[in-house]
Amino acid sequence: MKLVGIVGSAKNNAPARTLLQFMQKHFADQAEISLLECRDFPMFNESDDQSETDLLKNAAAQIEAADGVIIATDEENRTIPSTLNSFLDWMSFNLHPLTGKPLMIVGAAEDIHGSASAQIHLREIMDAPGLGPIVLGSNEFVMGNALEAFDEDGNIKAQGTIDFLSQCFKNFLRFVKATTVLSLPEEVEFTPGTYEVSAKGHNGDFSVKVTLSKDRIEDIDIDTASETKGISEAAFERIPAQILAGQTLNVDAVSGASDTSNGILDSVAQAVKEAGVDPNILKKRPKPSADAVKLPQEYTVDLAVIGAGGAGLTATATALQAGKSTLVLEKFPSTGGNTVRAGGPVNAADPEWQNTFKALPGEADTLKEMLDYDTNQIDPEYQADFRKLQAEIKAYLDGDHDYLFDSPTWHEIQTYLGGKRVDLNGQEIHGNYDLVKTLTDNALDSVKWLADLGVEYDQTEVTMPVGAKWRRGHKPTEPLGFAFIRVLSEFVKNNGGQILTETRATKLITDDNGKVIGIKARTAQGQEVLVHAKAVILAAGGFGANTKMVQKYNTYWENIDDDIATTNSPSITGDGIELGTAVGADLVGMGFSQMMPVSDPVTGELFTGLQTPPANYIMVNQAGKRFVDEYEGRDVLAKAAIKNGGLFYLIADNEIKKTAYNTSEEKIEAQVKAGTLYKADTLEDLAKQLDMDPEVFVDTINKYNSYVDAGHDPEFGKEVFDLKVVQAPFYATPRKPAIHHTMGGLKIDTQAHVLDKNNHAIAGLFAAGEVAGGLHAGNRLGGNSLADIFTFGRIAAKTAIAEDVEVEADATSGASEA
């Protein structure tokens, strides 16, 4: 335990000093006591404020860092010495380190009565505003005749006195521990949001916007137009900085601007009250320390990016390739976002490569359905491309069609049809044609761009994740989405890009014309960060880890439980969407979210158990029966699972196991041992482990195997098959739907401009990835999210760079004409 002893006397032979020196060495095994000499400080003079000098600031910092304080006072004229009184004045004027500190008062004086009167007065002084320590009661060590009480080595002579002092000190240590627990700030829980309140200043009312997260005051934005410049500026700067640094309303008014200071404090208190918290809780918190209130860290760059996931890092790398300076803000301690959790395959039609693979049974039937599809059921803007696709399919089926077919047009139409949905209110939604075509026409370029940066793909396998609808996945050789994040992060760091982790963007900065020109942010330690940029790209992801927000906007799912799991990183909470709407951005498709049907029932993770390509999915409910076409879209699978009780099992045999993503024999056996994956030598035994009727379960598997042989599923219409379930050992992976992707977000155009409600681009603001809406509409195809972030991340950066060049050209042109 660390304590500070304050010597309350200026005399060279002061008994109070000798007493503290004795305590320092006698109790060294119980606490570390450092001493402060009141005589080292100037006499207090309010008109000559020296609070900002290193001498006083260091003393205050030493007290603040201590667990407790001991004041040893002499007695002069039945009160405390003037040197101690002066020191306490300094520590209660603009510095307040004693507030809330456990305090022990001791004393020693030459008089027979010791320091009794001085201690009584000192206890009264400690109740004064600005001091406010928590004083240990009783335990009054007053030591009279103090000059005779110590030997020549400074030790107390009388053992009884030592014993009494030891008991008082022991009680103080216990008091410090108890007080520390009691003085912990009362926890608060705000209703998150931005609250606009009116504040009374010197010249009338002014507006204050207070942004609150669940447990913090995140930002205070003041309209300073009405107040007198020069007089109120100090209050506008210092009061919010102190409130934010200390998360407290126990802040002193700025001298000379008390009206404005109190107006700010009252307005923040009102906002706190509107957010459901008693402002008195924050008023009782300690004052912010001088060291906690720091000037903002400022950065000036060409391009600022919010979010260090796949979209953000892609945009940053693209800008660096063009020679632009960049800065990425990431609120999480590490980079990666949701991308690092992704399954790995990137959807991109690459017929030259795909044609080298054999077609699977049933794929031709899927294509034939497109020839029979009524073109009138296709939305007008897609009809020309749909007819083009029909011609491509016909040419393929009329020829040698034992190879895998694909084209950018097939990818486009599948993305469109896969996202075409109707919500609970009867509202139809489908992907914006221009956005969908931009994605599918440019996805392969994104794959090749990543390869140029260093991503290695497994060229021996074309794959697809669940709900992808077609085999066009480019799978990295490294596990999960880590392959992309590793390469992108290394490129950014090696090419001069800056990434600030644990730094949350709190506000977009705009100029008088509404152009976005920077970002306000705050680090996890409370340090304010200001970023000045020519353009800002929002790439902070969706809101899949914010269940309340999903529930708020939901118009697609009949019910979303409060405790539903999510596959998302905890950082994916909708921050980018809120930042965008705060500057006028429009939203699209917010009611649609996607469940990942094959998630871990407990954690929501994707890659536990055996996750195989959907051609090898055999999904059985808790009764041991199949219940859906396993090749369907994610929302169809999730709804079917929920209808069947939520929990179901993916069945595999030893051969199907070999097609599983991102696993190994060691991981598989560890999960079997942990009970999160079931393994058996017979189907009957596996059924018993799952508490199913073995006869029903075996019959289900036998039927499925016959459908694989026939290439046709008369029960649920599955059309694409690969392997049968025949080779022991057999496995069952428990699965349950979890929130996976939010399709809605900021409205953008094909150049990644963020659009306002009038469909006009917000100057200087761009968005890429899940933060943007309009592309995937009501349901996203598996594998399209990675194609999305890498494609639109590049587009956003290229557009921002091109427009900056145009602005510079215009400025140069204008200057020369003048």
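Analyst: The crossing of α9 and α15 is left-handed in this predicted model. Helix α9, which covers residues 310-321, packs against helix α15, residues 482-494, at an angle of about 40 degrees, and their axes are 9 Å apart. Because angles under 35 degrees count as roughly parallel and those from 65 to 115 as roughly perpendicular, α9 is oblique to α15. On the α9 side the contact is made by G310, L313, T314, T316, A317, L320 and Q321, which meet I485, L488, S489, F491 and V492 of α15. By class, the residues of this contact comprise seven nonpolar and five polar, with no charged residue among them.

Turning to the strands, five of them form an open sheet in the order β2-β1-β3-β4-β5, with parallel pairing. Its edges are β2 (32-37) and β5 (134-135), each of which pairs on one side only. Strand β4, residues 102-107, runs parallel to β5 and is joined to β5 by two bridges; L103 has V135 in β5 as its bridge partner.

Helix α2 (residues 54-65) packs on this sheet, where α2 touches β1 (2-8), β2 and β3 (68-73), and the direction of α2 makes about 155 degrees with that of β2. Helix α3, residues 82-93, lies across β1, β2 and β3 and runs at about 130 degrees to β1.

Notes
Residues are numbered from 1 along each chain as its sequence is written. This is a predicted model: local features need pLDDT of at least 70, side-chain atom pairs count only at pLDDT 80 or more; totals for chains, interfaces and linings use all residues. Side-chain values use heavy atoms; hydrogens and water are left out. Axes are lines fitted to C-alpha atoms, for helices over the stretch in contact, and angles run from 0 to 180 degrees between N-to-C directions. Helices (H or I, at least four residues) and strands (E, at least two) are DSSP runs, numbered from the N terminus. Angles under 35 degrees count as roughly parallel, over 145 as roughly antiparallel, 65 to 115 as roughly perpendicular and the rest as oblique. A crossing is left-handed if the near helix is turned anticlockwise from the far one by less than a right angle, and right-handed if clockwise. Contact means heavy atoms within 4.5 Å. Ala, Val, Leu, Ile, Met, Phe, Trp, Tyr, Cys and Pro count as nonpolar, Asp, Glu, Lys and Arg as charged, and the others, Gly among them, as polar. Two strands pair if DSSP finds at least two bridges between them.
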